[in-house]
Amino acid sequence: MEIAVFVKRVPMVGGKVVVTADGQDVDTRMSGFTVSPHEECAVEEAVQIVEREGGSVTVVTLGPPEAAEQLREMLALGAQQALLLETDGREWGPIATAAAIAGAVTRRADGGEAPYDLLLFGNESADTGGFQVGIRVAHALGLPVATGIKRLERTDGGLRAGREYRGVQESYDLPLPAVLSVKEGINLPRYPSLPGRLRAKRAKIGSYQPQWQAEGLRKVGLRVPQEARKRAEVLGTGTDAVPALVALLDELGVLP
Amino acid sequence: MTVLCLIEQGDGGAAADASLRALTLARTLAESAGGEVAAVLFAGDTADLPVSELAAFGVRDIYAVQAGDGYAPAAWARGLAELVVAAAAAGVAAAATDRGSEVLAHLGAITGQPVAANCIAARWSSPGDCELVRHRWAGSLLEDAVLEATLTLLTVASDAVPAQPAGQPGSAVVHSFSPDLAGTDLQVHATESAERGTGVSLATARVVVGGGRGVGGPEGFEVLEELAGLLGGTLGVSRVVTSQGWRPHRQQVGQTGTKISAELYLACGISGAIQHMAGCLTAKHIVAVNTDPDAPIIAHADYAVIGDLSQVIPALVAAIRERA
Ligand SMILES: Cc1cc2nc3c(=O)[nH]c(=O)nc-3n(C[C@H](O)[C@H](O)[C@H](O)COP(=O)(O)OP(=O)(O)OC[C@H]3O[C@@H](n4cnc5c(N)ncnc54)[C@H](O)[C@@H]3O)c2cc1C
Ligand SMILES: Nc1ncnc2c1ncn2[C@@H]1O[C@H](COP(=O)(O)O)[C@@H](O)[C@H]1O
């Protein structure tokens, strides 16, 4: 099976998120970068499918040249090829992103390479969380799509994808080619192996620059929500705090 | 200026709480342009619609859309797209649930319109121009944005928007609506299994005892589970714990795990990364047990115990058992 997985470079924010002085971006001077856990699981799922039935996994990102770092991390997890849809660093909205991704999928088929059988997305990007790029790509390409997927099995000629809705398991049957967006928990991603890392370091990354387009949803600015809570009241240190803790639990009405 | 709001139904046909919250935001949006909110349900049977409940939220018109049996996201979106035309609606809103997010994204793709996901406030400043506030990083960051579109499409971060009935409750009329579906709209549809989940659900548990890297390994969770059992609650964990394989992912609290709504979250050995806090800031009370008095979670918690959880928690369990 030929599989493409789409990942997005996002800042690795830790205990506190800080916005730049102009209010336009997350301050990344102190942080590294990563991809969403959903997307890492999408890569793992693709690698497992290809290990079982052959084919290849291509990881694709739309982002600045530095996003090649995330592609190499995904290559180290077992993807074979990587493609960078290079931007000048400004933010792309979901409509423009989906158009560029659909363009890349068509371009591969037009170029005579084996077309993708499966396009895997994260359920939502970690930073902007638009919950839509995969679905827009599916519509652009006329492919069936299911989202929020946490279980995936192969069927005759297709896939059975599952998720939970209000405590009930739902499943969706899709013929191939298809689009799926997956959630963390669908598998437990492996740690990159040493040979994987070495291969990733040397791998060639294809790239070109798609055309940016303006869209109707425009960011005015970012802000950190008002912190409703203040610093915690310290009940005590070590086991000396236990009586105060028991009293608190009693007050909250949670003791047996 | 009518705003359509997708209503999901819970047990016994009642409107889901998340949908009532979305309806509250949709009503505010409609009122910002002197319009009204209308409810849309995908229900084959119009007999068990929550009519009076929706009327109490200011709904006058309820559309019962027939779009096949069960759930098919593209068909629901097609039904909404046609209803937008039939009811001359200027906007469509849905709770940012799995279904709401998915249906609105399909609707955006079908109509070629942008979709603003996870909004917590929205108003029209002029026709077609919507000023809104939405979540980024699952609510750890807010974005002020402008949505310029011929049709305003948004999902609502429902845990951040309380459900408020309308000041003037009225009565509502049910209209049946049968859209023309395209051939492929029903291709991807849900098949539901009969089994239901069992046990205390993490999302709705009254007490969650949380464990993070500070628990030290898979064995360390036994005493946390014992405590959770004593408090009638359940265990929740951080991503470090699930990615190490110490506990299954369904127990993960946070941005890419579950959002909890507990009365008490007792977070042990968890640093309080924003992606973890995104899943527990809706807990009423947070108590942190951490060796580090400067851990970020201390800034979010109501109470803290500074200490080693491997001593504090067994002592707490013993004290509770002694009392009982
Ligand atoms: C896009 C994205 C999504 C993410 N989604 C999630 C998510 O859904 N959920 C989630 O949890 N994380 C998520 N993360 C990961 C998150 O950023 C943190 O890495 C993670 O939450 C840290 O887990 P932790 O607090 O257990 O570990 P650490 O950050 O390592 O903290 C361990 C804490 O334990 C304390 N400690 C150590 N020993 C003891 C002891 N004996 N007694 C008491 N305290 C002790 C330490 O002082 C420290 O504060 C996500 C990250 C990204 C980038
Ligand atoms: N810039 C990007 N590059 C590659 N894939 C992306 C990009 N943005 C979004 N995606 C994919 O689309 C999914 C959903 O994104 P979103 O609609 O922004 O929440 C993500 O999890 C990724 O799989």
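Predicted model: local features only at pLDDT ≥ 70, side-chain atom pairs only at ≥ 80, totals over all residues.
Ligand 1 has 30 residues around it. The closest are Arg213(B), Ser238(B), Ser271(B), Gln275(B) and Asn290(B). The site is shared between chains, because residues from both A and B surround ligand 1. Polar side-chain atoms approach the oxygen atoms of the ligand. An N or O atom in the side chain of Arg213(B) is 2.6 Å from an oxygen atom of ligand 1. For Ser271(B), a polar side-chain atom also lies 2.6 Å from an oxygen atom of this ligand. The side chain of Asn290(B) places an N or O atom 2.7 Å from an oxygen atom of ligand 1. Ligand 1 exposes 980 Å² when taken alone, and the protein buries 83% of that area.

By class, the shell around ligand 1 holds 16 polar, 10 nonpolar and 4 charged residues.

A polar backbone atom of Phe6(A) is 2.6 Å from an oxygen atom of ligand 2. Gly122(A) has a backbone N or O atom 2.9 Å from an oxygen atom of the ligand. For Phe131(A), the distance from a polar backbone atom to an oxygen atom of ligand 2 is 2.9 Å. On its own, ligand 2 has 480 Å² of accessible area, of which the protein covers 97%.

Empty space was examined next. Rolling a probe the size of a water molecule over the atoms shows where such space is left. The count comes to 2 cavities of 30 Å³ or more.

The largest cavity has a volume of about 40 Å³. Its lining consists of Glu45(A), Ile49(A), Arg52(A), Glu53(A), Leu152(A), Glu153(A), Arg154(A) and Leu159(A). Helix 1 (37–53) and strand 8 (151–155) of chain A each supply at least two residues of this lining. Helix 1 of chain A gives the most, with 4 residues. The lining of the largest cavity divides into 5 charged and 3 nonpolar residues, with no polar ones.

The second largest cavity has a volume of about 30 Å³. Residues lining this cavity include Gly130(A), Phe131(A) and Gln132(A) from chain A. Chain B contributes Ser101(B), Leu104(B), Ala105(B), Val115(B), Ala117(B) and Thr155(B). Helix 4 (98–111) and strand 5 (115–126) of chain B each supply at least two residues of the lining of the second largest cavity. The largest share, 3 residues, comes from helix 4 of chain B. The lining of the second largest cavity has 5 nonpolar and 4 polar residues, and no charged ones.

Phe131(A) lines the second largest cavity and has a polar backbone atom 2.9 Å from an oxygen atom of ligand 2.

Technical notes:
Residues numbered from 1 in each chain as written. Chains lettered and ligands numbered in written order. Heavy atoms only, no water. Polar contact = N/O pair within 3.5 Å; in protein donor to acceptor, adjacent residues only side chain to side chain. Areas by Shrake-Rupley, 256 points an atom, 1.4 Å probe, with all protein chains shown as cover. 1 Å grid on protein atoms, 1.4 Å probe; cavity = no way out; pocket = protein on both sides within 12 Å on 5 of 7 lines; lining within 4 Å. Points joined across faces, edges and corners; volume = space filled by probe spheres on them. Nonpolar A, V, L, I, M, F, W, Y, C, P; charged D, E, K, R; others polar. Near = heavy atom within 4 Å.
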